[in-house]
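Me: I am new to this structure and would like to go through it step by step. Could we look at it together?

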Amino acid sequence: QVQLVESGGGLVQAGGSLRLSCAASGSIFRINAMGWYRQASGKRRELVAAFTRGGSTNYADSVKGRFTVSRDNAKNTVYLQMNSLKPEDTAVYSCTADVLDARLRPVGLWGQGTQVTVSS
């Protein structure tokens, strides 16, 4: 069974930093795309940052220059370094990935979500 496990959320003051991690586990042949979405209370889910199938990165305009997505291919892990956090960054952050499992079947995955709360 392929799954995503997230860690690193929490409470931080405005201007602070947090680092989220998301590890894909199970019988994975290849990770095609992987990244982070967030959903604030009462708002739609939005892309934060992600690696695309082509290997490039996409960022939401609201986080450019403050957040950095990185990955460790050997560990099937993606990270989200969040600096200069603002109260409006408060949301549930969820990891997502498009993978091929060991049988070369495409699988879309979502993590359980981790709460990030930024106090003013």
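Me: What should I know before we start?
Reply: This is a predicted model, in which local features need pLDDT of at least 70 and side-chain atom pairs count only at pLDDT 80 or more, while totals for chains, interfaces and linings use all residues. Residues are numbered from 1 along each chain as its sequence is written, and side-chain values use heavy atoms, with hydrogens and water left out.

Me: Which residues touch the most other members of the largest nonpolar core?
Reply: They are W36, L80, M82 and Y93, in a core of 30 residues. A nonpolar core is a set of buried Ala, Val, Leu, Ile, Met, Phe, Trp, Tyr and Cys residues joined through side-chain atoms within 4.5 Å. Buried means under 20% relative accessible area, exposed over 50%, and partly exposed in between, with a 1.4 Å probe and protein chains only.

Me: And which strand gives the largest share of this core?
Reply: Strand β9 does, with 5 residues. Strands are DSSP runs of E with at least two residues, numbered from the N terminus.

Me: What is Y93 in contact with?
Reply: Leaving aside neighbours within four places in sequence, the contacts of Y93 include W36, L80 and M82, as well as T114 and V116. Contact means heavy atoms within 4.5 Å.

Me: Where is A91, and is A91 buried or exposed?
Reply: A91 is in strand β9, residues 91–101. A91 is buried, because its relative accessible area is 4%. Beyond four places in sequence, A91 touches R38, Q39, A40, T114, Q115 and V116.

Me: Changing topic, where is R66?
Reply: R66 is in the loop between β6 (57–59) and β7 (67–72). R66 counts as buried, because its relative accessibility is 11%.

Me: What does the side chain of R66 reach?
Reply: The R66 side chain reaches the backbone oxygen of S84 at 2.9 Å.

Me: What is the phi of N76?
Reply: The phi of N76 is near 50°, a positive value in a residue other than glycine. N76 is in the loop between β7 and β8 (77–82), and counts as partly exposed at 25% relative accessibility.

Definitions and conventions: Helix = DSSP H or I, 4+ residues; strand = E, 2+ residues; numbered from the N terminus. Polar contact = N/O pair within 3.5 Å; in protein donor to acceptor, adjacent residues only side chain to side chain.
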